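Morning, everyone. Please have a look at it first.

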Amino acid sequence: MHAFSCQVAKVCAEMKGMSELADGFNAVGFSQGGQFMRALVERCSHEGIQARTLITLGAQHQGISSVPGCRWVAASSMEAKTIWP
């Protein structure tokens with residue numbers, strides 16, 4: 001099992017035993033934390049762990065193809081190039 005999946009499974013098991021979460025929980029995740037919380041919500045809901053609200057900020061749910069307005073420097077030429085106009 002992949003390390004990320006192991007971490008999600010471990011946290012699911014821990015949350016399952018927390019009586020404070022019996023009525024569900026609200027969660028906020030930033031960046032990779034948002035992806036982790038989404039995985040918890042998707043993979044743990046069948047075990048009775050219910051999120052009432054999930055808010056993610058800056059989480060890359062569908063990957064990254066480009067970053068608007070981002071400039072990068074080519075390693076070979078050290079020339080700055082604009083990825084997005």
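Start with arginine 38 and glutamate 42, whose side chains form a salt bridge at 2.8 Å from N to O. Keep in mind that this is a predicted model. Why are these two residues about one helical turn apart? Because they sit 4 residues apart within helix α2, which covers residues 32-44. Arginine 38 has a relative accessible area of 32%, so it is classed as partly exposed. The count for the structure is 1 salt bridge. In general terms, opposite charges on side chains can pair when the charged atoms come close.

Next, the aromatics. There is 1 aromatic pair in the structure. The partners are phenylalanine 4 and phenylalanine 36; their ring centres lie 5.6 Å apart and the planes stand at 90°, so this is an edge-to-face pair. In the chain, the two are 32 residues apart: phenylalanine 4 belongs to helix α1, residues 3-16, and phenylalanine 36 to helix α2, so the pair links distant parts of the chain. Are the two partners buried or exposed? Phenylalanine 36 has 19% relative accessibility and counts as buried, the cut-off being under 20%. Phenylalanine 4, at 29%, is partly exposed.

Now the strands. β1 and β2 pair in the parallel sense, over 6 bridges. Together with α2 they make a β-α-β unit, and that unit is right-handed. Within the pairing, valine 28 has isoleucine 55 in β2 as its bridge partner.

Which way do the side chains of β1 point? They alternate. Phe25, Ala27 and Gly29 point to one face and are buried.

Which residues make the nonpolar surface patch? Val28, Phe30, Ile55 and Leu57, with an area of about 430 Å². Both strands contribute: β1, residues 25-30, and β2, residues 51-57, each supply at least two residues of the patch. Two of the patch residues, Val28 and Ile55, are the bridge partners I mentioned. Phenylalanine 30 lies in strand β1, and with 62% relative accessibility it counts as exposed.

That is what I had on this model. I can take questions now.

Definitions and conventions
Residues are numbered from 1 along each chain as its sequence is written. This is a predicted model: local features need pLDDT of at least 70, side-chain atom pairs count only at pLDDT 80 or more; totals for chains, interfaces and linings use all residues. Side-chain values use heavy atoms; hydrogens and water are left out. A salt bridge is a side-chain nitrogen of Lys or Arg within 4 Å of a carboxyl oxygen of Asp or Glu. Buried means under 20% relative accessible area, exposed over 50%, partly exposed in between (1.4 Å probe, protein chains only). Rings of Phe, Tyr and Trp (its six-membered ring) pair if their centres lie within 6.5 Å; planes under 30 degrees apart count as stacked, over 60 as edge-to-face and the rest as tilted. Patches are made of residues with over 30% relative accessible area and no salt bridge: like charges are joined within 9 Å, nonpolar side chains (Val, Leu, Ile, Met, Phe, Trp, Tyr) within 5 Å. Accessible areas come from the Shrake-Rupley method with a 1.4 Å probe; for residues, only the protein chains shown count as cover. Two strands pair if DSSP finds at least two bridges between them. A crossover is right-handed if, with the strands pointing away from the viewer, the path from the first strand over the helix to the second runs clockwise.
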